[in-house]
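Then read on, one region after another.

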Amino acid sequence: MTGSSGRSAMDFAAEFMPALQSATELVRDGGRLSGVRIGVSLVLEPKTACLVESLASLGANVSVLGTSNSTKEPVAEALRANGIAVFAEAGASPSRFTELHDAFIDTRPQLLADDGAATARRLHVERRDALVDLHGVSEETTSGVRPLRNMAAALELAVPCVAVNDARTKLLFDNLYGTGQSVVMALLDATNMQMQGKVVVVVGYGRVGRGISKVARGLGARVVVTEIDPVEALAAHHDGYAIAPIAEAVVNADFVITASGIAHSLTADHVAAMRDGAVVAVGGAGPPEFDPSMGAALEWGDEVRPNVRSLGVPGGPTVFVVSEGYCANTSAGEGNPIEIMDLSLALQLRALDYLTATDLSPGVHLLPREIDDEVAASRLRADGLAYDIATKAQIEARTNW
Amino acid sequence: MSDTPVSKRSRIADPGAAPSGHQAIEWARRRSPVLNDFVRKRITDGSLVGKRVAVVVHLEAKTAFLATVLADAGAHVVAAGSNPWSTRDDVAAALVDLGIEVHSTRGSTNEVWEADLLRVADTKPEYIIDDGGELTIRMARDRPDLYAELRGVSEETTTGVARLRALEDRGRLPMPVIAANDAALKHMFDNRYGTGQSTVQAVLALTNLAMPGKRLVVVGYGWVGRGIAEYASAMGARVTAVEVDPIRALEAHSNGHEVADLTTALETADIAITATGGIRAITTRHFDAMKPNVVLANAGHHDHEVDVPALARAADAVDDVRPGVTRYRLGRKSAYVLSEGALVNIAGGLGHPIEIMDLSFSVQALGCHHLASNDLSPGVHTFPGTLDREIARAKLESRGITLDHLDEDQTDTLSEILDADTFHAWGDS
């Protein structure tokens, strides 16, 4: 693939992103992002590239960071060709990535679109020098909103952050449908295996776990859910899934898919209890959600096919790990589907605009409900779908007491 | 057999590509418990020793593993692809490395592909494991003498079985044929689950689009169409089935899908997938009805179900927008064709899941073995039901699954209605 293939992949994606287009026009009318330095620290592939170009078209000075395991080079090339500063190298070593990360921070972003709070954390810990320029952060994921809330609770958070992740148009779609589809598809694409009749253990029954469970069951698997939260466990039970402690569940698993968003959810001791030939994939957060260093001693083996590496217990089973425990959908696939990211990225754009339009205090804020509703409505409109407007009587009934 | 080394007799793209091919075959072996154990033991009884067997099925890792199992049983195997687009060059190289003659490259033109089939024919196969009847019908046409000497054919697909039955009806089928496709373990699993899962997978992988909320049209509600409809719907699509057969249309309706004629269905379709087994299912007269940005893909045997040549004639511009995605601009709207209209799960994906092909190829291997160890009359034969059940049992055993059995007093028999003497006097039939 070359830069031109990156460009045509972006053009194809743009055809299926009407909500981002509506949001761009709406934000353009406000004119607030013109001349603002915006750092985009998201998975670098065609869909996020569409957000980057939207921001650039609004007059923002955009710089982009891409991680070493998820960056699509042709897309990075296409963005560079369009004059955008891109700090990304597919396959960069950890130390090289840190260099890129610092160079990205050196562009002194005023606004930051972050994923997993990776850059926000670095700014607060190692790069406080650049923190003074930062006006606000919009955060994409569950696993990023959590540390930001922890930082706020510890009174360490220096800037306002909008939890894009918590918007209904994000959480109910991206995490549930997007990740559900893309993680299961990535696992099947990487292995060429069948889902019918498989025992699939899903670790964690949040939105992502629900989506994965639904797709796996739809394709014929028997799903076993493991949870640490009794309410979510009870919900999984009511959705008709088997529930078991993880140590028991993994023993009979054909596939183990983590969706907890929490480090050390699946460990080497669990691997040691698995069947020979079981397949492990991560759908929540990257390492160490799956932590093969914790517990029994394991040995990584060969990459037996693209994106699948063997992991053995000396004298015990060999299991196969998709993308070495990085998020399967972004590492072994193209990430979440275009139409789903359309919603999430439209929200990101609106959140960045919202941060400039309002004077928020340091802390984690929700995106206002109107913005959430507008993004959902723009998509319904583009798809030619109608919905009801509440009547006066309904509104009154809702506000009576 | 010729004294020329296999590597010289073969036509493949790149012998150096073998290592990843070997890896892929080993992965397939690991996930094929029935073929690797039960079938391997069953066919290693000497009946295939020295037999010339042509394997003409989409040439990728699972097919290659089948070829090695037949070769291990003593057969002289020659392989080619059943489609110019589906061969994996690294797998072909690995097979040659394993001493199996191969005539196939990915993306060969139709002419080169047909020439490859004739080279396979010229090795004078006694048995063919065929897909779509592609080698068999070409031997009937171009190598009549060798065709007359064939000892048997085991056929993989619905399309191929229909073609071979048509030859039989015309008195042109001088050898026994096993309709492997008609085995329960084949069409109920491969066509439905295998094509269903892998087609949905390929469409999503090629486009990076979402299935939830899509209006998806399945053209043809046979086993393949049923599977696609089932999985697309499970993933959140609204499915419309298009049928010419009233019973199948009623079945689709009863399964909760919408049913409509194709022109009507296309007006709201985001994705349309052909699964008719025929040709030109979506053609010129449908183009006007298509919604802007519709995605068109084919899951049926022929590459001509989506009439791509007609689309190209009608289009103002044609360009490649992503690997495996071609845009046809028709006035102010676009249509996206996946994998140039070839079988999308194979040309645009990894083909069927391995575990499904473990069953299908177990049927094919036992079909070939059945032909070699029995003296069957010319004509199309069904796959023996006992073998079908044995494969199912072996698969269940590999999963550690146990079956129930009926006790004597649980069996409903006529003897409980008629008196025992009358029943026995009527005798068993």
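Ala117(A) is buried, with 26 other C-beta atoms within 10 Å. A residue counts as buried if 20 or more other C-beta atoms lie within 10 Å of its own, as exposed if 12 or fewer do, and as partly exposed in between; C-beta atoms are placed from the backbone. Ala117(A) has a positive phi of about 55°, although it is not a glycine. Find Ala117(A) in the loop between strand E4 (111-114) and helix H6 (118-125) of chain A. Helices (H or I, at least four residues) and strands (E, at least two) are DSSP runs, numbered from the N terminus.

A word on the source. This is a predicted model: local features need pLDDT of at least 70, side-chain atom pairs count only at pLDDT 80 or more, and totals for chains, interfaces and linings use all residues. Residues are numbered from 1 along each chain as its sequence is written, while chains are lettered from A and ligands numbered from 1 in the order in which they are written.

Ser323(A) also has a positive phi, near 50°, and is a residue other than glycine. Ser323(A) sits in the loop between strand E16 (318-322) and helix H14 (328-331) of chain A. Is Ser323(A) buried or exposed? Ser323(A) counts as buried, with 24 C-beta neighbours inside 10 Å.

Another loop of chain A, between strand E12 (279-282) and strand E13 (290-291), holds Pro288(A). The peptide bond that joins Pro287(A) and Pro288(A) is cis, with omega about 0°.

Now turn to the sheet. Seven strands of chain A form an open sheet with parallel pairing, in the order E3-E2-E1-E4-E5-E6-E17. Two strands pair if DSSP finds at least two bridges between them. Strand E3 (85-87) and strand E17 (363-365) of chain A are the edge strands, and each pairs on one side only. Neighbouring strands of this sheet are turned by 20° against each other on average, direction ignored. Helix H8 (residues 142-153) of chain A packs on the sheet. H8 touches E4, strand E5 (136-139), strand E6 (160-163) and E17 of chain A, and its direction makes about 135° with that of E17(A). Contact means that the C-beta atoms of two residues, placed from the backbone, lie within 7 Å. Axes are lines fitted to C-alpha atoms, for helices over the stretch in contact, and angles run from 0 to 180 degrees between N-to-C directions. Within the sheet, strand E1 (residues 37-41) of chain A runs parallel to E4(A), joined by four bridges. Ser41(A) has Asp114(A) as its bridge partner in E4(A).

Next comes the nonpolar core. The largest one has 265 residues. Such a core is a set of buried Ala, Val, Leu, Ile, Met, Phe, Trp, Tyr and Cys residues joined through C-beta atoms within 7 Å. Val322(A) and Val218(B) are among the residues with the most contacts inside this core. Helix H15 (residues 338-357) of chain A gives the largest share of this core, 12 residues. Leaving out residues up to four places away in sequence, Val322(A) touches several others, including Leu187(A), Val279(A) and Ala332(A).

Last, the two chains meet. How many residues does each chain give to the contact? Chain A gives 29 residues and chain B gives 28 residues. On the side of chain B, H10(B) supplies the largest share, five residues.
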